[in-house]
Each structure stands twice: as structure tokens, then as C-alpha cells.
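Please look at the model below before reading on.

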Amino acid sequence: MTQPTMTALGKVAVLMGGASAEHEISMLSGAGVLQALRERGVDAHAFDPSERPMEALRTEGFARCFIALHGRFGEDGTVQGALELMGIPYTGSGVMASAIAIDKTMTKRVWIAEGLPTPAYRLLRAGDDPQQLAALPDRFGLPLIVKPAREGSSIGVAKVTDRTQLTDAIEQALAMDSDVLCEQFIAGDEVTCPVIGTGDTARALPVIRIVAPDGNYDYQNKYFTDDTQYLVPCGLPTGEEERIQQLALRAYRVLGCRGWGRVDVMIDAATREPSLLEINTSPGMTSHSLVPMSARAAGISYEDLCLQLLQQAALDNPRATAERRA
């Protein structure tokens with residue numbers, strides 16, 4: 001990559017931190033991205049929207065943004081909308097795709113409408129009939145999964161193995177979100193598949209199989225221990241990796257995602273049928289993160305990955321932005 005190309009990217013803000021429950025992880029992701037871009041000669045600067053007004057991006061002459069924010073107020077369409085109004089291109093999905101993907105219930109509704117497989121679920125809210133809640137294990141079996149609809153990094157997720165745990169699991173999730181998902185548990189291989197690019201040019205990277213202690217891939221085991229195994233090559237039976245990659249691409253495209261994302265999938269141990277869990281439109285970029293790991297297996301270095309994503313920064317409607325500026 002030549003220096004003129006780096007100059008053409010302009011002044012770049014790496015958005016990191018933010019106001020979500022994933023602030024800590026976002027700071028780690030942002031620090032990695034910032035260093036990588038600077039090593040490639042990009043004029044990159046850290047920018048925490050929880051500490052500075054977004055308008056400063058415009059007044060200080062930033063030409064584009066690398067979004068390393070995770071969760072609410074960063075991965076949910078809010079920051080994307082502000083950048084659209086200011087006409088500053090940004091990495092990752094646009095407003096609509098971000099808003100849908102952050103909401104696990106809305107994501108499932110789109111996938112189901114498109115005929116894509118995802119575990120059975122029920123949307124829960126405060127004030128639901130206690131008798132109906134008590135019957136959830138009869139509907140889904142045990143164990144079952146309870147999680148906030150709009151949190152990431154496994155925050156607030158509970159695996160309910162006994163009826164007596166259900167009420168507490170729901171209350172803990174409701175403390176984080178007014179919408180809570182009760183979901184069928186799929187026993188089997190847990191895998192994830194990153195996708196980069198947009199539309200027909202999007203491509204799936206190598207699948208990673210995740211083997212967590214006691215099958216518990218929670219917040220601690222995701223980011224702060226070395227006990228979780230990430231297998232790439234994934235070691236799945238012949239043909240399964242390609243099948244997962246094709247499913248991930250479909251899941252990504254039907255939501256209108258762009259730039260990059262990571263699709264989480266469970267493979268039923270008995271039937272070997274895959275089920276879509278969720279999609280992350282601003283995945284982690286820490287030392288433990290899975291997109292950089294998969295990219296390395298495809299021959300893409302961390303620095304080149306960051307640069308490639310930055311170069312794809314875009315707006316939902318660049319023509320309208322240009323007309324407003326004219």
C-alpha cells in the first residue's frame with residue numbers, strides 16, 4: 001500500500017469505548033485497531049463518544065470512522081445515523097441493518113421469514129403471565145437459554161438447567177433490557193463464521209469451532225481466560241464448513257449487512273443441522289477476538305484486515321449526503 005493511498009483516506013476516527021455494557025471490550029478493540037492503522041500509515045485518532053460530542057467529528061475534520069464500538073449506542077444504528085447526518089463514511093453495516101441485527105428477536109423474525117434455521121424462541125417482557133413463564137420448560141425443554149434481546153458479548157445470558165432457576169434468569173435479563181429472549185438450547189458444536197464485504201461480493205472467512213470449559217462460552221471465557229479453545233481449521237466433517245459458510249452469507253445478506261460481521265451458529269450434535277444464533281455487525285477486535293483469528297487463517301494479517309475494513313467505509317446514501325453538502 002502506497003503512502004498516497006493512506007493520505008487519501010484522510011483523518012480517521014477510531015470510535016471506541018462508548019456508553020454500552022461492552023465499554024471495556026470496546027476500548028481493547030479500539031486500541032488494537034488504532035495501533036494497526038497507524039502502523040499502516042493512516043492518520044488515525046482515538047475518539048470515545050461517551051466523552052466527546054459526536055459533532056466534534058465534523059468540526060475537527062474527520063474524513064471517515066472506524067467503528068470499534070460494541071453493543072448499544074454503537075452497534076445499534078444510533079452512531080451510524082449520526083454519521084449519516086454528518087456525511088462521514090463509517091465501517092460496517094448501515095442504520096437499518098445495524099438496528100435489526102442488534103435486536104435478536106427482530107433478527108430471528110427476518111431469518112424465519114427468509115426460511116433460515118434458528119432455534120425456537122419466545123419474546124418475554126415484564127408483566128408476562130407467571131403461569132405461562134413457568135410453562136416455558138415444557139415448551140422448550142431443559143436446558144434452555146435466557147438472554148437480553150439487545151446485549152452482546154454474552155452479557156446477561158443464562159443457561160437454565162432447572163425450573164427453579166428460570167425466574168431469576170428472566171429477572172436478571174429484564175434488568176438489562178425490556179425485551180428478553182427465551183430460546184431453545186441446541187446441544188452440539190458451537191461455531192462462528194466471519195463475513196467481509198457487501199452484497200454479492202461478500203465472502204465468508206474460515207469457520208472457527210469454539211470449545212469452552214464445560215461448554216460455557218460466557219463473558220469471562222470469551223475475553224479473560226486462555227481456557228477456551230478456538231479451532232481453525234475447524235475440524236468439522238467434510239462439507240460442513242462450506243455449508244456453514246453459505247448459511248452465514250445468506251444470514252448476512254438478508255439483513256442487508258455490509259463491510260463485515262460475524263455469524264454465530266450451533267450445530268445439533270444428533271442431526272448435524274445448523275441453527276443461526278445471532279449476528280454481530282461490529283465484532284470484537286481484541287487479542288482474543290475471532291474475526292482476526294479467522295482472517296489470519298485466510299492469510300490476512302490483523303493490520304491488513306483493519307485497513308481493508310477502513311477502505312470499505314461507506315454511507316447508506318452517499319448521493320443524498322453529497323447533495324446536502326453542495
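## Terms and basis

Helices (H or I, at least four residues) and strands (E, at least two) are DSSP runs, numbered from the N terminus.

This is a predicted model, in which local features need pLDDT of at least 70 and side-chain atom pairs count only at pLDDT 80 or more, while totals for chains, interfaces and linings use all residues. Residues are numbered from 1 along each chain as its sequence is written, and side-chain values use heavy atoms, leaving out hydrogens and water.

## Positive phi

Arg272 is not a glycine, yet its phi is positive, about 65 degrees. The residue sits in the loop between strand S12 (260–268) and strand S13 (274–280). With 24% relative accessibility, Arg272 counts as partly exposed.

Phe73, also not a glycine, has a positive phi of about 60 degrees. Its loop runs between strand S3 (64–67) and helix H4 (78–86). Phe73 counts as partly exposed because its relative accessibility is 49%.

## Cis peptide bonds

The bond from Leu142 to Pro143 is cis, and its omega is near 0 degrees. Pro143 belongs to the loop between helix H8 (136–140) and strand S5 (144–148).

Val232 and Pro233 are likewise joined by a cis peptide bond, with omega about 5 degrees. Pro233 is found in the loop between strand S11 (229–231) and helix H11 (240–254).

Methods. Buried < 20%, exposed > 50% of the residue type's maximum accessible area, 1.4 Å probe, protein only.
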